[in-house]
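Please look through the model below before reading my comments. I have kept them in the order in which I would check a structure myself.

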Amino acid sequence: PWYLTLVNFETPIDPELEVPLSTLEGSTQRFDSRAISALEDMLAAMEAEGLSPAVCSGYRTRETQETLYARQVDFWLGMGYSQADAEAEACLMVARPDTSEHQLGLAVDIVDVNYQLLDTNQENTAVQKWLLENSWRYGFILRYPTDQTDVTGIVYEPWHYRYVGKEYAQDIHEKGLCLEQYLEQWVK
């Protein structure tokens, strides 16, 4: 199904892909139109429990992804890394253009309004604890789990969630796999 499309360093986005987008209610962030109601339902459920989630990133254009990646490369260059090493470090934190799930329109970065830093301390917020326990019920998975960098190619990001549909999210959650591992098993 369209919502199980794998996008990563080894599997870039089809340049001809046209994502149907809608704007998240009360936000400027966009998300795949076919799955936005699941995202809105999940956010509403958190708010109903007194939590304060904030979507800080949804769909990204290729140009936006290029800018974010270039900034990360520049950071590492400024730290004295060679161009090649700076690019290698940068892609652990920010996907290269055409390898970001944000360009697919099915990825969303969700933070707690009271703690908006994109760092591993995000996992200690009430919003992230709720998401870890419940996101699968709405069709979302934590996309870059801890200790899976060798498989996903991206460092642990406790704020990055990916829509994969309710059935698959539940199965992935129960098996404790990342998307690459799940799809490898599923294809067999």
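The numbered points below go from the overall fold to the cysteines.

1. This is a predicted model, in which local features need pLDDT of at least 70 and side-chain atom pairs count only at pLDDT 80 or more, while totals for chains, interfaces and linings use all residues. Residues are numbered from 1 along each chain as its sequence is written, and side-chain values use heavy atoms, with hydrogens and water left out.

2. The protein chain holds seven helices and six strands, where helices (H or I, at least four residues) and strands (E, at least two) are DSSP runs. Along the sequence, their order is β-β-α-β-α-α-β-α-β-α-β-α-α. The radius of gyration of the protein chain, taken over C-alpha atoms, is 16 Å, close to the 16 Å that the globule rule gives for 188 residues, so the chain is as compact as a globular protein of that length; that rule is 2.2 Å times the number of residues to the power 0.38.

3. Of the 188 residues in the protein chain, 46% are buried, meaning under 20% relative accessible area, with exposed being over 50% and partly exposed in between (1.4 Å probe, protein chains only). Among contacts (heavy atoms within 4.5 Å) between residues at least 6 apart in sequence, 66% join residues at least 24 apart.

4. A search of the whole structure finds zero disulfides, a disulfide being a pair of cysteine sulfur atoms within 2.5 Å. Cys178 is buried, because its relative accessibility is 1%, and its sulfur lies 16 Å from the closest cysteine sulfur, in Cys91, which is too far for a bond. Cys56, at 33% relative accessibility, counts as partly exposed.
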